[in-house]
Amino acid sequence: MSDYDKAPRPVAQFDTMRPLAQLDTIRPLAQSQDTPDDGEGDLSVALKTRPKSKRPPMYKVMLLNDDYTPMEFVVHILERFFGMTHAQAFEIMLTVHKKGVAVVGVFSHEIAETKVTQVMDFARRHQHPLQCTMEKE
Ligand code: TYC
């Protein structure tokens, strides 16, 4: 067990998923009850409009590189708060180390904000200068 695991863990949180694409256009609905299919060869299709529904905006959560935060601490953050395997976490940590920044997940506004707060609090408690930010997709 690593030292980081001794701190209290946050309650498990399930990331929101994007709903399936919702079409805003007029499209056929199932055969209307008003016009039952009488089998007489009427090829018309019942069209109804549906209210426009917009998908909620999504937010990228990003980790920034610095010269002081230990690599293993960043790997631990990615495993603990972003559900990555050790191998995934190590790869993303190296990307941040080499490129300066990497997206570590995309979430609803509320979940993204929670992730940023969890990472920043955890880094601060361990006295590391690690920075985590969010940005609209
Ligand atoms: N650059 C840090 C080091 O060499 C490691 C590091 C990686 C820090 C990713 C922050 O988000 C980060 N110890």
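The model is predicted, so to speak of a local feature takes pLDDT of at least 70 and a side-chain atom pair 80 or more, while totals for chains, interfaces and linings use all residues. Residues are numbered from 1 along each chain as its sequence is written, and side-chain values use heavy atoms, with hydrogens and water left out.

Start with H1 (residues 71-82) and H2 (residues 86-99): their axes sit 8 Å apart and the angle is about 125°. Helices here are DSSP runs of H or I with at least four residues, numbered from the N terminus. Axes are lines fitted to C-alpha atoms over the stretch in contact, with angles from 0 to 180 degrees between N-to-C directions. The pair is therefore oblique, the label for whatever is left once angles under 35 degrees (roughly parallel), over 145 (roughly antiparallel) and 65 to 115 (roughly perpendicular) are taken out.

H1 also meets H3 (residues 109-125), with axes coming within 11 Å and crossing at roughly 145°. In this contact (heavy atoms within 4.5 Å), H1 supplies Phe73, His76, Ile77, Arg80, Phe81 and Phe82, and H3 supplies Lys115, Gln118, Val119, Phe122 and Ala123.

A polar side-chain atom of Asn65 is 2.7 Å from a ligand nitrogen, and a polar backbone atom of Leu64 is 2.8 Å from a ligand oxygen.

Note on methods:
Helix = DSSP H or I, 4+ residues; strand = E, 2+ residues; numbered from the N terminus. Polar contact = N/O pair within 3.5 Å; in protein donor to acceptor, adjacent residues only side chain to side chain.
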